[in-house]
Amino acid sequence: MANPNSLSADAASESDKVGEITGNNTYHPGTTEVEYDELHVQCPPHTTERKLMTRIDWQVIPFLCVMYLLAFLDRVNIANARSFKLVEDLNLKNNEYNTALTMFFVPYIIAEIPSNIFLKRFSPRVWLPTCMLGFGIASVCQGLVQNYSGLLATRFFLGLFESGMFPGCFYLISMWYKRNESQKRYSLFFSSTSLAGAFGGLLASAIGGMQGIRGYNGWRWIFILEGCLTCVVAIFFFFFFPSFPEEAKWLTEEERAYVKARLQADQGRNAAERKITFHDVVSVMKDHRVWLGGFMYFGLIVPAYGYAFFAPTIISTYHYDAIQTQLHSVPPWAASFAFSLLTAVLSDWMRHRAAFALAPLALGLAAFATLLKIHDNTPAQYAMLCLVTMGTYSVLPITVCWFNMNLGGHHRRAIGTAWQIGFGNIGGIIATFAFISTDAPYFTKGYAISLGFTCLSGLASVLYLISIYLENQKRKRAVRDVGLSEYEKGELGDLNPEFRYMY
């Protein structure tokens, strides 16, 4: 007969080994006997995991990329429009242009958490295309305004309808993919902002040639045509836009069960069946890591929007005309798109986020420091703008993905993601006044502000990394099975003692 003490010691030893395998960044409800890539979730016999994930990619990611590309295009095309007599036609004085930019962020910040709650209640297939149609109409109306007050009103409604786009799309992606396979999808989605910047510059240079048609200057046609495009796509999306896995009619019942099971093995039960309450919001906001996630994003938003809203203004100081300014705005966006995808692929391959959320910040810091000192070397200044976009726009999706995928459960993830994006976008208000016309051509204040907030993001990311490392070590030493029911695990989300945060 085997010695009971020997059996107990062997079991403890085996448990420790399994803990080393799974403890770093994976949650395995009910068992810790498999490695992260071998979840022992049976795939439907008629397909493979790879084939099924490819189908999901084509059914989910392209829709989200197109939606956010158009959202970002409608948001920042005012920067392109400024080069085609927007300020002169509306007789904008002093900082009224900057105030119009700020107006967008007022409803955008306030409405993000409510928007994610409505997203869960009405489903993404209904809510997101509805919002898309709304901001498309608002964009068209921007091209028809006759005065400053009209511009403020349209920017307000544009921000209101766009408030749900970014957190909603990120939240939807997190409900389809495991944590180790999510980053390249997030970055591909977020890189649509870079494509929007590049596409916006090319489109504006072409639309600028419509100057005077039907008595409209080029800036009106930029808003009208791009807004009409958004409306047409939104109507199409009402019939084909994806939803949560539980509601995906293009999957069989067996496939839906498999997708749900593999996510549960990776992230835990998600409590998808329960509605979000005010108590949930209060509970999530008591977590200090949620606040750190907000500051991680907040610090990056200032340089990100500072560049997005004022790139044509900055580039025009390099003595280019309106059309050349638009064309020269394209390469920095293209550089950020390529670098973001490279960073995302490496991050997923290494199954690591922290280093990729911190290392590229060095590019932005170096670029801003250089722009503060060099004012008479156009090639060098233009090269630094490329580094600004690469260092900023590559880190943004990794920061959001890292934080988002470390939130367990539907309600914690919906609230936490909306909070991070909503709070972070307060930085957009700061960015709208960072680069003012009186500071041209050196924009010393804007570059200094961007440098400081990039440092803030880096500090918050370091503190977040320390916090989740200490929490993982604490949970590793604690008793693994505390007798929680499956319902309780779903309610706790990432607060479940069995959950492991991803570095």
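Helices (H or I, at least four residues) and strands (E, at least two) are DSSP runs, numbered from the N terminus. The model is a predicted one, in which local features need pLDDT of at least 70, side-chain atom pairs count only at pLDDT 80 or more, and totals for chains, interfaces and linings use all residues. Residues are numbered from 1 along each chain as its sequence is written, and side-chain values use heavy atoms, with hydrogens and water left out.

The protein contains 24 helices and 0 strands. Of its 503 residues, 57% are buried; buried means under 20% relative accessible area, exposed over 50%, and partly exposed in between, with a 1.4 Å probe and protein chains only. A contact requires heavy atoms within 4.5 Å. Among contacts with a separation of 6 or more, 84% are between residues 24 or more positions apart.

**Nonpolar core**

- A nonpolar core is a set of buried Ala, Val, Leu, Ile, Met, Phe, Trp, Tyr and Cys residues joined through side-chain atoms within 4.5 Å.
- The largest nonpolar core holds 134 residues, and the members that touch the most others are F72, F166, W176, F189, Y305 and Y447.
- Helix 2 (residues 49-81) supplies the largest share of this core, 19 residues.
- Beyond residues up to four places away in sequence, F72 touches T193, A196, Y305, A308, W333 and Y393.

- Two packed helices are described by the angle between their axes and the distance between the axes.
- Axes are lines fitted to C-alpha atoms, for helices over the stretch in contact, and angles run from 0 to 180 degrees between N-to-C directions.
- Helix 2 and helix 14 (residues 288-316) cross at roughly 45°, and their axes come within 6 Å.
- The two helices are therefore oblique to each other; angles under 35 degrees count as roughly parallel, over 145 as roughly antiparallel, 65 to 115 as roughly perpendicular and the rest as oblique.
- Helix 2 contributes F72, R75, V76, I78, A79 and N80 to the contact, and helix 14 contributes Y305, A308, F309 and P312.
- This contact of helix 2 with helix 14 comprises 8 nonpolar, 1 polar and 1 charged residues; Ala, Val, Leu, Ile, Met, Phe, Trp, Tyr, Cys and Pro count as nonpolar, Asp, Glu, Lys and Arg as charged, and the others, Gly among them, as polar.

**Helix 18 against helix 23**

- Helix 18 (residues 361-373) packs on helix 23 (residues 444-477) at an angle of about 160°, with the axes 9 Å apart.
- Helix 18 and helix 23 are therefore roughly antiparallel.
- On the side of helix 18 the contact involves L361, L365, F368, L371 and L372, and on the side of helix 23 it involves T444, Y447, A448, S450, L451, T454, C455 and G458.
- The residues of the contact of helix 18 with helix 23 comprise 9 nonpolar, 4 polar and no charged.

**Buried positions within helices**

- G200 is located in helix 10 (residues 192-207) and is buried, at a relative accessible area of 1%.
- Apart from neighbours within four places in sequence, G200 contacts L73, N80 and L195.
- The C-alpha atoms of G200 and S329 are 9.0 Å apart, although the two residues are 129 residues apart in sequence.
- L69 belongs to helix 2 and counts as buried at 18% relative accessibility.
- The C-alpha atoms of L69 and G200 are separated by 9.8 Å, across 131 residues of chain.
- T154 is part of helix 7 (residues 148-162) and is buried, with a relative accessible area of 10%.
- With neighbours within four places in sequence set aside, T154 contacts A138, C141, Q142 and V145.

**Backbone features in loops**

- The peptide bond between A440 and P441 is cis, with omega about 5°.
- P441 lies in the loop between helix 22 (426-432) and helix 23.
- F443 is also located in the loop between helix 22 and helix 23; its phi is near 50°, a positive value in a residue other than glycine.
- F443 counts as buried, at 2% relative accessibility.
- R351 lies in the loop between helix 16 (330-350) and helix 17 (354-358), and its phi is likewise positive, near 50°.
- R351 counts as partly exposed, at 30% relative accessibility.
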